[in-house]
Amino acid sequence: QVQLVESGGGLVQPGGSLRLSCAASLSISSINTMGWYRQAPGKERELVATIGSADSKNYAEAVKGRFTISRDNAKNTVYLQMNSLKPEDTAVYYCYLRRLLTNYWGQGTQVTVSS
């Protein structure tokens, strides 16, 4: 069983910051494919950021320069630091992990950016 539990979402005003956490139920030190997706109302789920086992990082163009993905292998946790938030960042954010050709998803955490 692989479980992913997100936390850290909430309501924030434009320009604010949030840090999302994703705690995994297994050791992630050797997991290469981890990251965050988001799904806004009426939109398809889209990739936000990925992080590899060697700490390689990739970001969607819409969040590049504002979001930072990181991992703490000792805590089996992946983070998404979100700065300079915009209303268009409003979405449910999902942590994901791929292990042995299987995709795993967290339950999602709501991020709402509104004044």
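**Salt bridges and a disulfide in the predicted model**

The model is a predicted one, so to speak of local features takes a pLDDT of at least 70 and side-chain atom pairs count only at pLDDT 80 or more, while totals for chains, interfaces and linings use all residues. Numbering runs from 1 along each chain as its sequence is written, and side-chain values rest on heavy atoms, with hydrogens and water left out.

R38 is a handy place to start with the charged pairs. A salt bridge is taken as a side-chain nitrogen of Lys or Arg within 4 Å of a carboxyl oxygen of Asp or Glu, and by that rule there are four of them. One of these pairs R38 with E46, with N to O at 2.8 Å. E46 is partly exposed, its relative accessibility being 37%.

R38 also forms a salt bridge with D89, where the closest N and O atoms sit 2.9 Å apart. Strands, for the record, are DSSP runs of E with at least two residues, and helices are runs of H or I with at least four, numbered from the N terminus. Both partners, D89 and R38, are buried.

D89 has a further salt bridge, this time with R66, and the closest N and O atoms are 2.7 Å apart. R66 lies in the loop between β6 (57–59) and β7 (67–72) and D89 in the loop between β8 and β9, so this pair ties together parts 23 residues apart in sequence. D89 comes out buried at 1% relative accessibility, and R66 is buried too, with a relative accessible area of 11%. Through shared partners, these salt bridges join R38, E46, R66 and D89 into one network.

Then there is the covalent link. With a disulfide defined as a pair of cysteine sulfur atoms within 2.5 Å, the count is one. C22 and C95 make the bond, at an S to S distance of 2.0 Å. C22 sits in strand β3 (residues 18–24) and C95 in strand β9 (residues 91–99), so to say distant parts of the chain, 73 residues apart. The torsion about the S-S bond is about -80°, which makes the disulfide of C22 and C95 left-handed. Both C22 and C95 are buried.

Definitions and conventions. Buried means under 20% relative accessible area, exposed over 50%, partly exposed in between (1.4 Å probe, protein chains only).
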